[in-house]
Each structure stands twice: as structure tokens, then as C-alpha cells.
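This report describes selected features of the structure shown below.

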Amino acid sequence: MIRLEARGGASPIWIYATPFLAAGLTVVAGGILFALLGHPPIEGLYQFFIAPISSLYGLSELFLKATPIVLCAVGLALGFRANIWNIGAEGQLTLGAMLGGGMALAFYDVDTPFLLPLMALAGIAGGMAWASIPAWLKVRFNVNEILVSLMLTYVAVLLLSALVHGPWKDPDGYNFPESRLFHDAALLPVVWDSTRMHVGVLLTLAAVVAAWVILSRTLIGFQVKVVGLAPMAAGYAGFSRKKIIWFVLLVSGGLAGLAGMFEVAGPIGQLTPVISPGYGFTAIIVAFLGRLHPVGILFAGLLVALSYLGGEFVQIEMGMPEAVTGVFQGMLLFFLLASDVLIRYRLRLRSPLEGHSR
Amino acid sequence: MSDTAWIVPTIITVISASTPLLLAALGELVTEKSGVLNLGVEGMMLIGAISAFAVGVTTGNWMLGILAGAIGGVFISLLFAVLTLNFLANQVATGLALTLFGIGLSALIGDSFVGTPFAGLPKLSIPGLSDLPLVGPLIFGHDFLIYISFVMVVAVAWFLNRSKAGLVLRAVGENHDAAHSIGYPVVAIRYMAIMFGGLMSGLAGAFLSLSYTPMWAEDMSAGRGWIALALVVFATWKPYRALLGAYIFGGVTILQLHAQGIGVDIPAQLLSMLPYLATILVMVLISLDSSKLRESAPASLGKIFHPAA
């Protein structure tokens, strides 16, 4: 019989070891999954984890894929630290894509270097506006932010769909529900020749560093952590919980909005009914896997981005459904949550003598 | 549409739209009464939907399909139970994980079932009674799961308020440490409550894929699991109010479909937003009276239980 014994505090080793343990367990379980689906496991794992990044182009695609996920996750992690559960990054991303892309359409064929910054600002504003709804409802009426931010995701996707099916539809597009293709001044410059990797990838790195600095070196970052870890202490110290709620939701919404703008001004290049295959939800996994730390999130984001590329590879090379990606991501989070027990508890074998101590 | 002939069919569609919400909300209500917040309803619903559809189509037997939906829901909920009760994982994070995993796994299993037709569930037909005007189609013309949903409202209300086991379950949800010290098996009771939630979400999913829209489509629950979660709060953890809430939401859904049907000049997407916006509105209204919300919520909801052995 195995018993859990509380440690005095969190184990510093296991905090960093469990993400690796979870990743390892996911690989093993993934091999079993491939075998169950009737495919050779080693070959499957190779196609899933290795083949996508075995070329320089593959690496550039990995960075490109990780960009929106990391941007969303950095913002979400800030909120999770303060116990604010924004799970509507997907909707905030969609609003950012919509407003950012809307600027590209409003200034169609206008050739100015100011257009991209304008689009980025519009994207950030869109994400912030969408996140401000749960923030305001939480601060004013104490409404649960989980459900509000999630419901708004469905609303955002429907709003974008209404626009690209209606007023924003490409006039020369044979009635497809898509906007015009953006003109060159509305597309992010590529920073790595003969790949699709755009300047947004570098800006994401900057955002990771900025988030790290905010968390570790500023008063507001300190307040965020205290509100999450010790709400009572935060109250005695006079930290405003409302201010923290607004701060984390606006930052996470803004980052998600920027991610959406990067997608439409980057790899997609136009507005389509669906901008993201769930990056905003995947970011939740990445935030936890990265231990809610910006640098951890960067690496976790790369690993999870690989699961998207891997899903495409096993689909093309082995004819497996692309949904394998979602299963891998879910397993990863499950294994992480399960192994996290080791951070606060140690496993002890119950000796027969102790058995009847109660 | 000149006379009142549309009323009965409309009510019937409202019943259909409300049933999955009601089933899932009742399950989650019991889970939450035991002190466990399972945000994985959407994922469990999808697993229930694909299990029911896969078995229903391959065996051609709708009863086996419903059974499979229920079993699928229970199995996937066990994952949540093990993680939160044995591994002491955060319930919010684990619930989210369950939903993400459920979406992925159901899409994977359902990949080969996309586009497969299914006949739907047989409607109850009692010669004589079913032909009665008004009452016939309203009371005697439904499928099995709709009747189950009403029976479960009464059963859950009786269980929670009138039975000894229900009292113990509520005690565990109010104060798990006190319940533990009296000698109640907190973990075992919560296992049961979580499995009941999985069973009901599984049935809700089975209703979606076998009856409401008899087919499989990825992510077909379209947020109903989350709406069911909101309904539990709306209902202040009372089964009869969950029934009321589910039917208000079902009504909003059908209102929106009908408005599209009779050609209201608003883009379809804007009307489709109504159930989600209504959920937010309801959450705001219910939060206005925060003291009432606080006293009706199970006091140990979402807290991790680890007895100091």
C-alpha cells in the first residue's frame, strides 16, 4: 500500500523534474496509442517527434507554430499565478485577428510602413477589449471568469464568421467566406529566407523576456504572485485585488490578440472563418507545463507546437487522423498533473505496523 | 404559421434542445454537492457522444448505444477521479485537461464515423394515447432519454434531500474534514459522485449523437457542457431549478433557430450567439445576490482533501 506523506514545502527538484517526467510518460503512452491504432510504434513516434524537425525548414515551422501558443500562454500564466482563470484566450486571439485584419482591409492597397504597427495595436486592443468583459464582470459583480471568458470564445468565433461571410467577404472571391488576401504592406516581414518565419517570432521572444522581468523585478509582478499564493497576506499588505484582476486579464487578452494578428498577418495572410486550431486552449497546457514561468513556457510551447507538426506528419506519412495531436496534448497535461503530486508529497510504502494507527 | 399548429412542434424541439443540458447539469450538480468541481463536462459529453454513436452504428442497437455512452462517460470521469482524489491534482486544471483530452480522443475515435448516418432513437408510441390531440405528441411522443431526464430530476432531488446517502454526500461536500473524522469514506463517496457526473454527461452526449442530431461531428457538443456548468450555479445546486434553467436555455436555442427559419434579417451567426450571451447574462444575474450564492454553494467545493493520517 502506497501512502502520500506531505513534504515540509514544495520540492525544488520535482518542480522542474515533473515536466520532463510527464513528457517521457507521454512518449511511452503515445507509442502504446500508435500500437493500438495498428501502426508500428517506433515508426509512429519517429514521424511524430523527430521527422517534423529534422530539417531547417521544419525548425522554422516549429518556431512559427510555437509563436501564438507561447504568446497566449505567457499571458494566461500571469493570470493563473494570481488565481485568475482566463480560459478564453482563443476568443481574445480571434478578436485580435479580427481587428488587426480589419485594419488591413480598411487600408487595403495603402502602402505605408505604419500599417503593420497599426494592425498590431488594433489586435492588442481587440484582445484586451474581449478580456475586459470578464474582468469587469468579475470586479463589479464577482462573476466567475472561467465561464464568461469561455462563452465569449464562441461569441468571438461567430462574430468573425459573420464578418467573413458578409461585409468583409472578398468581392472577387467566388463567394468563399474569406476576406481579400492582404497586400504586402499588411504582411509581417519574413526574417529567415525561404521560410515562413516572420518578425513576430522575434517579438514573441521579447515578450517572454519582458514577462520574466515583470514577474521577477516589478512591484506589480510581485503583487500578482502574492495575490495567488496568499490572498489574505495580499489583503493585509493593501494590494488591490481588483487592480490585479484587471492587470492580468488585460495583459493576457492583449497578448492573445497580438497572437491573432500575427497569425492573420503571417502564415494565413487573410481573414478566414477559423483563425486558430485551438491555440488558445493549448496555451493552457503550455502554461502549466512551463511551470507558469515565461522561460519554461517558451520550451513547453516548442514541445507542444511539435505535437501539431507531428499530427500533420503522421496524417500524411501514416494515414492517421490528425486528432492524434489533441490526444497527445491531453495526455501530456494529465501526466503532468498526476506527477505534480511528487512536488508536495513523497510516496511512502505503508509498513504493516503503521497500518492500524488510526 | 397562421394558426397555432406550430406550438406543439416548437415545444417538442425545446424539449430536445433542453434534454442534454438537463442531463449533464444534473450529473454535475451531484458531483459538486460532494465538493468536487469537475470542469470536464464538455469532454465527458463528447466521449459519451462518440461511444454511443460508434456502438449504436456498429451494432445497430440503440439501447447498446445509450449504454455505451453512459459507460464511456463513467470511464473518462474515472480519469478525473484518480487525478484529483488520489493524486490530489488541482480540480480546475484537471477538469480543463479532461475537456481538452475528451475533444481530442473523441475526434480520434470518431474519425472513421464522420458522415455515417444513423436512424435516431425510436419515439415512444402508445396506440390511442399517442394520437390524442396536443397531449399525445407532447407527453407520449418522445424517446427514452427524454423520459429518463425527467425521472432523474425527481430521483436526484429525492436522493439529495430525502435519503441518508444523499445527506452523507452533502456533508462531505460541506466539510470533508468533519465528515472524515465522523468516519465517512470521503474519497469513496466522491468517486461515486464523479462517476455519476460522468454517467449523466455520457447520457447527454449519447442524446446528442443518437437523437438530437443523429450523426457524429467533431466537437459536436458546441459548448453545451459549459452551459450545463453555468446551469448548476444558476440552479443554486437545486435539481428542480436545474430543470427550469435547462428549459430556459433550450428555449433560447430554439428561439434562435426559429428566428433564422422565418427569415429574420440578422446574420445567422449573430442569432447563434444567443445561448452563449444568455449564459453570461444569467451568470451576472445570479452573482448579483452573492450572499445567497455563497450560502448555497457546497463549502468544500473545489478544495483538495488530504487527511492528515
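## The first helix of chain B

Just after α1(B), the glycine B:Gly35 adopts a positive phi of about 95°. The model is a predicted one.

Helix α1 of chain B covers residues 7-33. Its 27 residues, at 1.5 Å each, should span 39 Å, and the C-alpha atoms at its ends are 37 Å apart, so the two values agree. The helix α1(B) bends by about 35° at B:Ser18, and the proline B:Pro20 follows within four residues. Most of α1(B) is covered, with 19 of its 27 residues buried.

## The contact between the chains

Chain A brings 40 residues to the contact, and chain B brings 38 residues. On the side of chain A that touches chain B, at least two residues each come from β1 (2-6), α5 (115-141), α6 (145-165), α11 (279-289) and α13 (324-339). The most is given by α13(A), with eleven residues.

By class, this side of chain A has 28 nonpolar, nine polar and three charged residues.

## Helices α5 and α10 of chain A

Two packed helices are described by the angle between their axes and the distance between the axes. For α5(A) and α10(A), the latter made of residues 241-268, the angle is about 145° and the axes are 6 Å apart. The crossing of α5(A) past α10(A) is right-handed. The residues of this contact comprise 18 nonpolar, nine polar and two charged.

One residue of helix α5 of chain A is A:Ser132. Setting aside neighbours within four places in sequence, A:Ser132 is in contact with A:Leu249, A:Leu250 and A:Gly253. The C-alpha atom of A:Ser132 is separated by 10.0 Å from that of A:Val251, and these two residues are 119 residues apart along the chain.

## Helices α12 and α13 of chain A

The helix α13(A), which gives the most to the side of chain A that touches chain B, also packs within its own chain. Its axis and that of α12(A), residues 294-318, come within 8 Å and cross at roughly 150°. This crossing of α12(A) and α13(A) is right-handed.

From α12(A), the contact is made by A:Val304, A:Ser307, A:Tyr308, A:Gly310, A:Gly311 and A:Val314. From α13(A), the residues are A:Val324, A:Thr325, A:Phe328 and A:Gln329.

Most residues other than glycine have a negative phi. Which phi does A:Asn83 have? A:Asn83, although not a glycine, has a positive phi of about 60°. A:Asn83 sits in the loop between α3 (56-81) and α4 (89-106) of chain A. With 16 other C-beta atoms within 10 Å, A:Asn83 is partly exposed.

In chain B, B:Leu88 has a positive phi of about 55° and is not a glycine either. B:Leu88 belongs to the loop between α3 (62-86) and α4 (91-110) of chain B. B:Leu88 counts as partly exposed because there are 19 C-beta neighbours inside 10 Å, and a buried residue would need 20 or more.

Key:
Residues are numbered from 1 along each chain as its sequence is written. Chains are lettered from A and ligands numbered from 1 in the order in which they are written. This is a predicted model: local features need pLDDT of at least 70, side-chain atom pairs count only at pLDDT 80 or more; totals for chains, interfaces and linings use all residues. Two residues are in contact if their C-beta atoms, placed from the backbone, lie within 7 Å. Ala, Val, Leu, Ile, Met, Phe, Trp, Tyr, Cys and Pro count as nonpolar, Asp, Glu, Lys and Arg as charged, and the others, Gly among them, as polar. The expected span of a helix is 1.5 Å times one less than its number of residues. The bend at a residue is the angle between axes fitted to the seven residues ending there and the seven starting there. A residue is buried if 20 or more other C-beta atoms lie within 10 Å of its own, exposed if 12 or fewer, and partly exposed in between; C-beta atoms are placed from the backbone. Axes are lines fitted to C-alpha atoms, for helices over the stretch in contact, and angles run from 0 to 180 degrees between N-to-C directions. A crossing is left-handed if the near helix is turned anticlockwise from the far one by less than a right angle, and right-handed if clockwise.
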